[in-house]
Amino acid sequence: MRVLTIRTLRIAATGLALVACDVGNLVTAPKVVPVVGTSRFVAPLDPAGVRISEFHYDNPGTDANEAIEISAPVGTNLDGWSVVRYNGSVPGAAVVYTSPGKPTLTGISVLAPPTACGNRGVVVLNYPQDGLQNGGNDGFALVNGAGEVVELLSYEGVFTASNGPAAGMTSTDVGVAQSGATIDATTSIQRIYNATAGTFSWQKQNRTFGSCNDDNSGAVTPPPPAVASVIVSPPTATIVVGATQTYTAKAYDAAGAEISGTSFTWSSSATAVATVDPASGVATGRSAGDARIIATTANGKTGDGGLHVNEPTPPPGVPNIRFSEIHYDNTGTDVNEAIEIEGPTGVDLTGWSVVLYNGTASSTPGGPPAGSVYGTTTLGGALTGSCSGRGMIVVHYPQDGLQNGGSTTPAADGFALVDASGTLVEFLSYEGTVVGFDGPAAGVTSTDIGVAEGSSTATTQSLGRSNDGATWRVSSPNSFGFVNACGAPPAPATSISFSGRDPVSDPPLPIGFEAQIFATYKRDGAIVTTTITWTSDTPSI
């Protein structure tokens, strides 16, 4: 059996959705009962349920604006629901019809309190020309996702369905028709709610497709109680920098009863210490310290939980003062080579040193063997930083100041951190391990950081250490001069300057002559070698 179905529609703001489906088993039709007042008949619907709320099927001349509107509470999931049209030209044996065409879904209006539409929304099915039969005894069934007929309506008479989901059921005549000289394409038949009588009636009105005309939500859903207090869980928590903690909240009325379904907006009292996702309540530690994680309701009531953030404890064997970042190789000529040391803010490193080790033996007969020292830099001054009680100092090297590893065996190169007393604090390497031949790391095997740079590495990248010192990240934008525990560094200041010709002091260039202009690119004040692409904004000149 082929029926006209409602195609997929999802409304993010409300959760209303209409999806293609096939109807299944049948259920008993709702009873038809007379109602005192303007309405002729009304089905005993669930007052908070889904229903047909408006339709237009006939007008003088060519039928236009034919449509059926479905009304449902905001947030209702209409997956699998459908509308099936019935031709009642033989009233005792009405049949499903599917031509012409399927409807399009337009004219959507989902209204929420405190508007006049209360908590109901609507979806409109717009049919092609002559998409709905003109009567008499025609109608349509609203079918839910289980294949059950929610209501079977007709106009200009009743019919008994002989096939489709409503087979064997008798329709409910809405009691209002679009016939006679007074109708036009701007009218429709609408289900109207009478708040005084508490009843529904079908009436012919000017069309209101896309907005509610059957809202009875005020009579069904009382306004939620006002929030008087908020309790956040857990009341206190402790994490380390980089870790997360999930907070939840509950709202209560003045009598102490919990108000379910309350929405909260989350914030942090100290974003430098901890940030929090405003929707989920998941807090992330950013630096050592204390913060309050706050839940706020729509009416301004708040509750909070405490969060204490600790600096990560270095794993066994990881020194508190340690290497934290290195750049030693890049595409083209090596530039921006540097090594960063990190430790507690204020520690004076005067007399400390960084010692470089070449893991490859000299190719010159009698030259230095593998594992020999090839450079030493003495440090001075205190570690400075901006968060988590950590500071840093950066050692910059000239072009090709750091060995690049290599293709020979062993290929690794190393770097050692030595304190003011000459004690080896840390001995690391890249592209393998190195056994020190001389210097402070003589006889010591280095620890490979596990990541490397190569000839395709950008000049602005580096290898960085995790906050707890346990691992190193692969090549990514460098943060030299910025404490890694503080998160991402601020964007670097970049500039381009020009030389070769001055647009003011130099005379105009005659047609056919040439002159060269040079560009210099700087990143945080340092010249960066890069490729410049030139264009003219007026090629004809």
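Which residue forms a salt bridge with Arg51? The partner is Asp214, and the closest N and O atoms of the two are 2.6 Å apart. Before going further, a word on what you're looking at: this is a predicted model, where local features need pLDDT of at least 70 and side-chain atom pairs count only at pLDDT 80 or more, while totals for chains, interfaces and linings use all residues. Residues are numbered from 1 along each chain as its sequence is written, and side-chain values use heavy atoms, with hydrogens and water left out.

Back to that pair. Side chains of opposite charge can pair when their charged atoms come close. Here the label "salt bridge" needs a side-chain nitrogen of Lys or Arg within 4 Å of a carboxyl oxygen of Asp or Glu, and by this rule the count comes to six. For the record, buried means under 20% relative accessible area, exposed means over 50%, and partly exposed is in between, using a 1.4 Å probe and protein chains only.

Now look at another salt bridge, the one between Asp304 and Arg292, at 2.4 Å from N to O. Asp304 lies in strand S26 (residues 302–310) and Arg292 in strand S25 (residues 289–296), so this pair ties together parts that are 12 residues apart in sequence. Asp304 is partly exposed, with a relative accessible area of 36%, and Arg292 is partly exposed too, at 37%.

A pair of aromatic rings is described by the distance of the centres and the angle of the planes. Rings of Phe, Tyr and Trp (its six-membered ring) pair if their centres lie within 6.5 Å; planes under 30 degrees apart count as stacked, over 60 as edge-to-face and the rest as tilted. The structure holds 13 aromatic pairs. In one of them, the rings of Tyr57 and Tyr155 have centres 3.9 Å apart and planes at 20°, so the pair is stacked. Tyr57 is in the loop between strand S5 (51–56) and strand S6 (67–73), and Tyr155 is in strand S13 (residues 149–155), so the pair ties together parts 98 residues apart in sequence. Tyr57 counts as buried at 0% relative accessibility, and Tyr155 is buried at 0% too. A second stacked pair is Tyr328 with Tyr430: the centres are 3.8 Å apart and the planes at 15°, so this pair also counts as stacked. Tyr328 lies in the loop between strand S27 (322–327) and strand S28 (338–344) and Tyr430 in strand S34, so the pair ties together parts that are 102 residues apart in sequence. Both Tyr328 and Tyr430 are buried. As for Tyr57 and Tyr155, ring pairs link them with Phe55, Phe140 and Trp202 into a cluster.

Two strands pair if DSSP finds at least two bridges between them, and S34 belongs to an open sheet of five strands in the order S30-S29-S33-S34-S35, with mixed pairing. The edge strands, each pairing on one side only, are S30 (372–378) and S35 (447–448). Inside the sheet, S33 (residues 413–418) and S34 (residues 424–430) run antiparallel over six bridges, with Gly414 opposite Ser429 in S34. Arg465 is in the loop between strand S36 (461–464) and strand S37 (476–477), 39 residues from Glu426. Glu426 is buried at 7%, and Arg465 is buried at 8%.

Strand S24 (residues 282–285) pairs antiparallel with S19 (residues 244–246) over three bridges, and with S23 (residues 274–276) over three bridges in the antiparallel sense. Five residues separate S23 and S24 in their hairpin, where Gly281 takes a positive phi near 80°. Further along, three strands form an open antiparallel sheet in the order S38-S39-S40.

Note on methods: Helix = DSSP H or I, 4+ residues; strand = E, 2+ residues; numbered from the N terminus.
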